[in-house]
Amino acid sequence: MVHRYGTNSTSYVLLEGPKQYFTSPRVDGFLAYQIRAGAAVIGGDPVCSRRQAPELIRDFVAAMAQRPVGAYQVSPDMRDAFSEAGFKDIQIGKEAIFDLSQVSLAGGQMELVRAATNKARREGVVISEHRPFALGARSVNLELRAISAEWLSSKGEHELGFLLGSLGLEQRSAKRYFIARSGGGAGRIEGFIVCEPIYGRNGYYLDVTRRRLDAVRGTMELLTMEILRVLGAEGYEMASMGLAPLALLDDPDLKGHPRVTSLMRFVYQRVNNNYDFKLLYRYKAKYHPHSLGTTLLLFQSEEIDHADALRGDPGA
């Protein structure tokens, strides 16, 4: 189903992590969701055809038996399907999207990224693709796990796993692993990025990003640009760096939800937790993506403006 209908950048991620799945006998497809704070929260787009999506959403709402239903990180392409099923929407951030035929380090706007990649190259950082189940891969897998554990420790040991993928080294999958080694390719691993396929758009999602806390400067810039170059050379059309939450909240519909809009802007501007949303946006923006996809939160009524979902369960 993900291979047939997966157009959202997070569609492949729906196959892992703490999720439940809903199917309907009337629809070829599924929804992934969690129950949090008394509400059923759908993750990403329905994985089905656009034509059948309203039926799947309505059947899911009926199956939840009066439980409040929302949807997180929905694409504009599926907005109308939710609207037909009685949902309203509000913008929650922007997605950094790249046209792989246009990726280049040339030009003044790429000066900072170009300088960082050049520094990493001078320091002997080399990018390669790692295959976790190849002969002799065990030592690399152990190093990747150690780097990931160190990085997570710096973030309070908290993995944001609802619509972010995992390292996933324990089982075969369609994930691709790109690693950056210092020492001309013979030294330690400085950082890595795990990419997941976006089948419906002939692209990849640069999802799990990890580096050593003392990584060679420019490692992640070199790693990112080399991945985009490799994917483009292989004939893929697009890549996504994923959601920058709460960034560029420019949707006119936000005026209709002043309380939640004010809360989101406050968190973006003022709250510096382990996942600094402003820093995350700036990091992605410096690559100058070719488009910024709008990402939506959908809900059944205006009750979201009372912020009830934020009470009680800190995971809400």
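Reader: Which residues does Gln73 touch, not counting residues up to four places away in sequence?

Author: This is a predicted model. In it, Gln73 touches Asn8, Thr10, Gly44, Asp45, Ile92, Leu163, Leu243, Thr295 and Leu296, with residues up to four places away in sequence left out. Take Ile92 as a case: 19 residues separate Gln73 and Ile92 along the chain, and their C-alpha atoms are 7.9 Å apart.

Reader: Where is Gln73 placed, and is Gln73 buried or exposed?

Author: Gln73 belongs to strand S4, residues 69-74. A residue counts as buried when its relative accessible area is under 20%. The value for Gln73 is 9%, so Gln73 is buried.

Reader: What about Gln34: buried or exposed?

Author: Gln34 is in strand S2, residues 31-36. Its relative accessibility is 12%, so Gln34 is buried. A polar atom of the Gln34 side chain lies 2.6 Å from the backbone oxygen of Pro18.

Reader: How many residues are in the largest nonpolar core, and which have the most contacts inside it?

Author: The largest nonpolar core holds 26 residues, and Leu206, Leu223 and Ile227 have the most contacts inside it. Two or more residues each come from strands S5 (88-99), S7 (176-181), S8 (189-198), S9 (203-211) and S10 (238-245), and from helices H4 (111-122) and H6 (219-233). H6 gives the largest share of this core, 8 residues.

Reader: What is Leu223 in contact with, leaving aside neighbours within four places in sequence?

Author: Leu223 is in contact with Ile127, Phe178, Ile179, Ala180, Gly191, Phe192 and Ile193, once those neighbours are left aside. Another core, of 22 residues, lies apart from the largest one; Ala53, Ala71, Ala81 and Leu298 are among its members.

Reader: Which residues lie nearest the centre of the second largest pocket?

Author: They are Ser9, Ser75, Pro76, Glu95 and Arg201, out of 17 residues that line the second largest pocket. S4, S5, S10 and strand S11 (291-299) each give two or more residues to this lining. S11 gives the most, with 3 residues. The volume of the second largest pocket is about 200 Å³.

Reader: Last, how many disulfides are there?

Author: A disulfide is a covalent bond between the sulfur atoms of two cysteines. To be counted, a pair of cysteine sulfur atoms must be within 2.5 Å. By this rule there are 0 disulfides. As for the cysteines themselves, Cys48 has a relative accessible area of 3% and is therefore buried. Cys195, at 0%, is buried too.

How values were computed: Residues numbered from 1 in each chain as written. Predicted model: local features only at pLDDT ≥ 70, side-chain atom pairs only at ≥ 80, totals over all residues. Heavy atoms only, no water. Buried < 20%, exposed > 50% of the residue type's maximum accessible area, 1.4 Å probe, protein only. Helix = DSSP H or I, 4+ residues; strand = E, 2+ residues; numbered from the N terminus. Contact = heavy atoms within 4.5 Å. Polar contact = N/O pair within 3.5 Å; in protein donor to acceptor, adjacent residues only side chain to side chain. Core = buried A, V, L, I, M, F, W, Y, C linked by side-chain atoms within 4.5 Å. 1 Å grid on protein atoms, 1.4 Å probe; cavity = no way out; pocket = protein on both sides within 12 Å on 5 of 7 lines; lining within 4 Å. Points joined across faces, edges and corners; volume = space filled by probe spheres on them.
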